Structure formats: C-alpha cells, structure tokens
Amino acid sequence: MKLRHIISVFTGAFVSLSTLAADNHAASAWQPTPKNHSINQIRDLALIYQGGRHRPDWTPEQFVPYVTHTFADGSKDWLFDGFLFLEFVDGDRQYIPGLRMANARKSDWLHYLDRVFEPGKSLDALNRCIARQKELLGDPGFKHKVVLTVLPPIHHQKDWGELNGRPLDFDNVDDCKLAVRWFLDQLVDRFNNGGYDNLELTGIYWVDEDMLHFDGFPKHVAPYVHEKGLQFVWIPYFKAYGYDRWQDLGFDIAYHQPNHFFNKSIPDSRLDEACSIARQNGMALEFEFDAKALHDAENSSYDRMNAYIDAYWRNNVFTDAALAYYEGGIGVAEFAKNPTPENKTLIDRLARIIVDRRKNASLYPSKK
C-alpha cells in the first residue's frame with residue numbers, strides 16, 4: 001500500500017526485485033490457471049527502490065546479499081533471480097498521484113532515468129556484481145531478469161514539459177499515451193545500450209498500486225509493452241481497487257500484497273485471506289518484511305516475518321506461485337550486517353526456500 005511506500009522513503013533517507021527467446025510474446029512467459037496462482041519466468045523478484053536521491057547508491061558491493069546468500073554453515077548460493085527497479089517520489093516531486101507533492105515533470109523523469117542507468121551504480125552495479133559472483137560460484141544456470149518501471153502521466157498536469165516541440169496536457173489521453181511511449185522507448189533503448197551482459201530485460205512495471213486514478217489507462221500501455229516483447233507487471237495492495245480485474249486492465253501478472261507485516265494489530269489470518277484471494281484471482285503474491293524483522297530491532301517484527309513463511313507453506317504458495325519480495329529497501333542488507341544466531345536462522349530459512357524453488361519444475365512456465 002502507499003503508506004508502506006511512504007515508510008520506505010523515510011527508512012531510506014535515514015539509513016542513507018530459464019531464459020525466453022527475445023521474440024517470444026509476453027503471454028508465453030506467464031501461466032495463470034483458473035482458481036490458481038500465476039507462475040512466471042521470474043520466480044523470486046526483489047524490489048529495488050532506486051531513483052530518488054534519498055536512496056542508497058546501489059553499488060556492486062551493496063547488491064551482494066541480494067545476488068547471493070551465505071548460510072550459517074558457510075555455504076553460498078545464488079538468491080533472487082529477478083530485480084524490479086522502482087521509485088515513486090524524489091525530493092519534493094511525486095511520480096504517482098496522491099502523495100500531496102508537486103507532480104514530476106519531464107526533467108524529473110529524465111533525472112530518474114539517469115539514476116537508474118548511472119554508470120557504476122544501479123543496473124550497471126547489479127551487472128558487475130553478478131559478474132564477480134560468477135567468478136566465485138560459477139555460472140548460476142539462469143540469467144538474472146530485470147523489470148523496469150514506467151512512470152505514469154498524472155491527470156490534470158499541465159506543466160510536465162514538451163515532446164515533439166509542443167507542451168503536453170495530461171488531461172488529454174493521447175498526450176498521456178505519447179509521454180508513456182516516449183518513456184518506454186527511453187527505458188528499452190538505454191537498457192539495450194547498457195552492455196548488461198548478465199541481465200535480461202523481461203518486464204515493465206506499473207508503479208501505482210490501485211486504479212483509483214488510472215482506471216482503464218493501463219490498457220493503453222499494455223500493447224506497447226507487448227510490442228517490445230515484454231511483460232506488463234503490477235503489484236496492487238491488499239484488495240486495492242481494480243485488483244480483481246488485473247487481466248482486463250492489460251497486465252500479464254499481478255502480485256497481491258497481504259500488507260500484514262507492517263501493522264501488528266492485523267491478525268495472521270490476513271495472510272491466509274491474502275493467499276486465498278490471490279489463488280481465486282489467478283495472482284502471484286508478495287512477501288513482505290523490512291529491517292524491523294531483525295530479532296534485536298526495537299519493537300521487533302521477527303515473528304511476523306516467520307508468520308509469512310508459515311502461511312505461505314500452509315497455503316502452498318512457495319510451491320505454486322511466483323513471488324515478489326518487498327524488504328523495505330534495506331532489509332536483506334540489514335540481515336547480512338547483523339548475523340546474530342536468531343537473524344541467521346530467519347534469513348537462512350527464507351533463502352533456503354528461494355534456492356529450493358529453483359529446483360521446482362512446476363514453477364517454470366511452459367512455452368505456448
């Protein structure tokens with residue numbers, strides 16, 4: 001939910017997500033079944049908050065605990081197989097509506113692009129990190145996937161800027177589509193020219209988590225995403241407006257957020273409910289935690305992270321669904337920095353599941 005994202009902004013400020021052929025249509029990369037979860041070419045997608053100036057630099061060293069995991073016994077293995085780069089605010093400018101800030105303009109969109117494609121950081125850093133880990137561990141047997149975020153045109157905005165020599169008006173749907181196509185071209189062209197030999201761009205993410213402001217508009221975006229051979233990805237919050245129409249809205253896969261971890265007044269039954277809703281609507285799921293899951297954190301939510309693992313086993317999510325991982329922007333790194341016995345037990349438990357999921361053939365989509 002957006003409140004969760006607002007929390008991640010301030011957390012980041014104080015502490016400084018088998019390879020398909022490129023010509024495959026996006027629909028061949030996902031496999032929803034009636035009354036079942038979605039699976040995806042990315043089994044375990046890490047959310048990487050990058051773009052705002054309050055975020056970490058995301059150097060190769062900072063990516064290490066996301067790319068590989070060292071277990072308590074000293075053994076080491078590859079961790080997440082996919083990474084979603086996303087942002088929703090930078091300074092006093094919002095990339096999504098509803099945050100009570102000024103809307104991002106074209107210059108802000110360009111600044112976001114420059115941050116994501118900054119040499120030595122972000123995507124380039126992830127690519128370098130994987131290359132280094134290959135030297136230590138050998139080839140992982142898969143290519144790491146990337147999902148990039150398309151920034152949405154916010155309705156009623158008149159000061160975004162110009163394209164093709166004229167100012168755009170985001171009350172005009174054609175101007176909105178023009179801005180989105182321009183931005184998607186920027187994302188794909190910059191990625192293709194980045195020399196990221198260890199990465200594969202497979203998807204585009206719609207960053208607003210409900211359809212209160214954009215109901216119907218993603219359907220205008222989806223064809224262009226598919227034209228580029230990519231998936232259209234969405235992660236709505238718990239029962240967000242439009243969540244049950246995700247396919248009709250043009251998305252290829254949607255991950256349902258339980259939003260349980262952040263509020264201790266929400267009972268563990270919320271997790272079972274979220275799993276049931278996701279299964280009934282053919283959705284994947286999000287796994288949620290942050291640095292408060294550390295055992296010695298003030299007002300620790302250690303048990304709540306364990307509750308996710310228990311519920312996802314109980315509901316066959318780990319065996320049946322693609323997963324996205326929200327970790328507060330620094331959660332995985334904080335576990336690596338604080339390897340107490342309790343913390344190692346918990347993060348090793350999750351990492352072992354992620355490693356074992358790569359051996360589950362039923363999580364590999366069949367090509368159509």
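## Helix α4

Let's start with helix α4, which covers residues 122–137: its 16 residues reach 22 Å from the first C-alpha to the last, close to the 22 Å expected at 1.5 Å a residue (the expected span being 1.5 Å times one less than the number of residues). Helices here are DSSP runs of H or I with at least four residues, and strands are E runs of at least two, numbered from the N terminus. This is a predicted model, in which local features need pLDDT of at least 70 and side-chain atom pairs count only at pLDDT 80 or more, while totals for chains, interfaces and linings use all residues. Residues are numbered from 1 along each chain as its sequence is written, and side-chain values use heavy atoms, with hydrogens and water left out.

Buried residues (under 20% relative accessible area, 1.4 Å probe, protein chains only) in α4 include Leu123, Leu126, Cys129, Ile130 and Gln133. Just after the helix, Gly138 adopts a positive phi of about 90°.

Two strands pair if DSSP finds at least two bridges between them. Strand β1 (residues 44–49) pairs with β15 in the parallel sense over 3 bridges, and Ala46 has Tyr325 as its bridge partner. Strand β14 (residues 284–288) also pairs with β15 in the parallel sense, over 4 bridges, and here Leu285 stands opposite Leu323.

## Lys344

Lys344 lies in helix α11 (residues 341–357) and counts as buried because its relative accessibility is 16%. Its side chain reaches the backbone oxygen of Thr70 at 2.5 Å.

Note on methods: Buried < 20%, exposed > 50% of the residue type's maximum accessible area, 1.4 Å probe, protein only. Polar contact = N/O pair within 3.5 Å; in protein donor to acceptor, adjacent residues only side chain to side chain.
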